[in-house]
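Please examine the sequence and the three-dimensional structure shown below.

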Amino acid sequence: MSVAVILSLGTFFLGAPAGPADAAASASAPATSTPEVAEVPDEEAPPSPHTRGLGVDVESVAHQAAAGFSGDGRWQVGASAGYPWWGARAQLGVGHGLSTAVELQSALARRWRPAIGLTSLWLDRPRVRISGELLLGWLFQVGELARRGPNAELRLRLALRLRRAAPYLMLGSQHTLLASRTTIEAASGTTVRWSARGEWTGWATLGVVAAVSRKWGIDLAADLTWVDAPATAAIPGAHIGLVYGGFWR
Amino acid sequence: MKRSPRAALALALALLPALPLGGCVNDDVHLYEVTLRGEIQVPRGGPYSGHVHLELRHARSGEGGLAYPLRRITTIELDGVGPFEETFLVPTDEGEGLVAYAWLDRDGDGLLCAPGTSDELAGLREVDGFPAHALEVTILLEHPCAGAEILYAP
């Protein structure tokens, strides 16, 4: 039974019979087309006029999510929950090889980082995508170790494109500027001094976004983050998320 | 409907100014400058030689069940017994009151009564008048090998 389950999962991600979306694509294909061509259209081919308005395209939302990049005219939103990281993200393809993003990241509701980002697709091959992303935001950390300050993150993503799944590796380098103020009250008057230190958080996520349909995807990933390295210990975690997307023009 | 990519970028960038509203100060430290004048004394005929370790401490820190006495602020080393004048920065958010504790380092090892030494004298006085920028205190070193915690009765 377990072998059957594994085989079923394998055929689902790597090569499965056509699902509902694929069936729709197959139905619109000429009768002389092979099933493979009909089910996995050329990535560069224009979307069908019947499906474009519904956000059903040759490129699934799962593949966009894995690369952190949406092509021109595409959008997607997603949310994930896990330990210790939660997140929500919206991204919008604006053309010229660029995609914008708005993201909210949280660790156990104690550490929050809202940010906006710009993603550039550096390598775009049928099976592989590499993107770079710059996020600018603000860090709020509440509790005993309260922190706040401007935050910037550089991300590098490697995403593979399988039939129904998009495995990916994301490496991030997150930097926060933590400013402190010292007020000295002397007999001669009061002086204020400012100082700052940096907080670096290294980030690695290894996961897979499974395409439920062209518009829906499920993200499963393992996270390894090292907040305020090297002064602390790295905490491994995992998350599960849902992504949904379509067209905005 | 055709929309400009620039409009989307402008919308995203427009959110940036709202982010600093949460503040950016992490450690907000308030220091109060105190010039402490006074004298370190030993009993008549007592030992005089050796450096003096002078510690400034808060009388009380913390609140409720977590309150505790004698939080250390700083330690300086004086050349010996006698008059002194030193300036300290006292963190006002971390405690109340001031206590001065001193001990005479007879053997120069930096340790109060290490094994084999039993004649290192110590003394403690609560500094009256804090907060004020100029304070005075006189400490009599008369208790051999006594730590600050033994000498202070809150």
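## Terms and confidence

Two strands are said to pair if DSSP finds at least two bridges between them. Strands themselves are DSSP runs of at least two residues, numbered from the N terminus.

The model discussed here is predicted. For chain B the mean pLDDT is 89, and 86% of the residues in this chain reach 70 or more. Within chain B, confidence is lowest in helix H1 (residues 5-14), where the mean is 62. Confidence in chain B is highest in strand S7 (residues 134-140), at 97.

## The sheet of chain B

In chain B, five strands make up an open sheet, and their order is S3-S2-S5-S6-S8. The pairing in this sheet is antiparallel. Strand S3 (68-78) and strand S8 (143-144) of chain B stand at the edges; each has a single partner strand, so one side of each is left without a neighbour in the sheet.

## Strand S5 and its two partners

What joins strand S5 of chain B to strand S2 of chain B? Nine bridges link S2(B), residues 51-61, to S5(B), and the two strands run antiparallel. Opposite His51(B) stands Asp105(B), a residue of S5(B).

Strand S6 of chain B (residues 121-127) is also joined to S5(B), here by six bridges, and this pair again runs antiparallel. Val127(B) in S6(B) is the bridge partner of Leu98(B), while Ala122(B) in S6(B) stands opposite Trp103(B).

Is S5(B) mostly covered or mostly uncovered? Strand S5 of chain B, which spans residues 96-105, is mostly covered, since nine of its 10 residues are buried. Buried means under 20% relative accessible area.

## Cavities

Rolling a probe the size of a water molecule over the atoms shows where empty space is left. The structure holds two cavities of 30 Å³ or more, and the largest cavity contains about 440 Å³ of space. This largest cavity is lined by 28 residues, of which Ser80(A), Arg89(A), Arg157(A), Asp219(A) and His239(A) are the closest to its centre.

Which element gives the most to the lining of the largest cavity? Strand S2 of chain A (residues 85-95) does, with six residues. By residue type, the lining of the largest cavity divides into 13 nonpolar, nine polar and six charged residues.

Notes. Residues numbered from 1 in each chain as written. Chains lettered and ligands numbered in written order. Predicted model: local features only at pLDDT ≥ 70, side-chain atom pairs only at ≥ 80, totals over all residues. Heavy atoms only, no water. Buried < 20%, exposed > 50% of the residue type's maximum accessible area, 1.4 Å probe, protein only. Helix = DSSP H or I, 4+ residues; strand = E, 2+ residues; numbered from the N terminus. pLDDT = per-residue confidence, 0-100. 1 Å grid on protein atoms, 1.4 Å probe; cavity = no way out; pocket = protein on both sides within 12 Å on 5 of 7 lines; lining within 4 Å. Points joined across faces, edges and corners; volume = space filled by probe spheres on them. Nonpolar A, V, L, I, M, F, W, Y, C, P; charged D, E, K, R; others polar.
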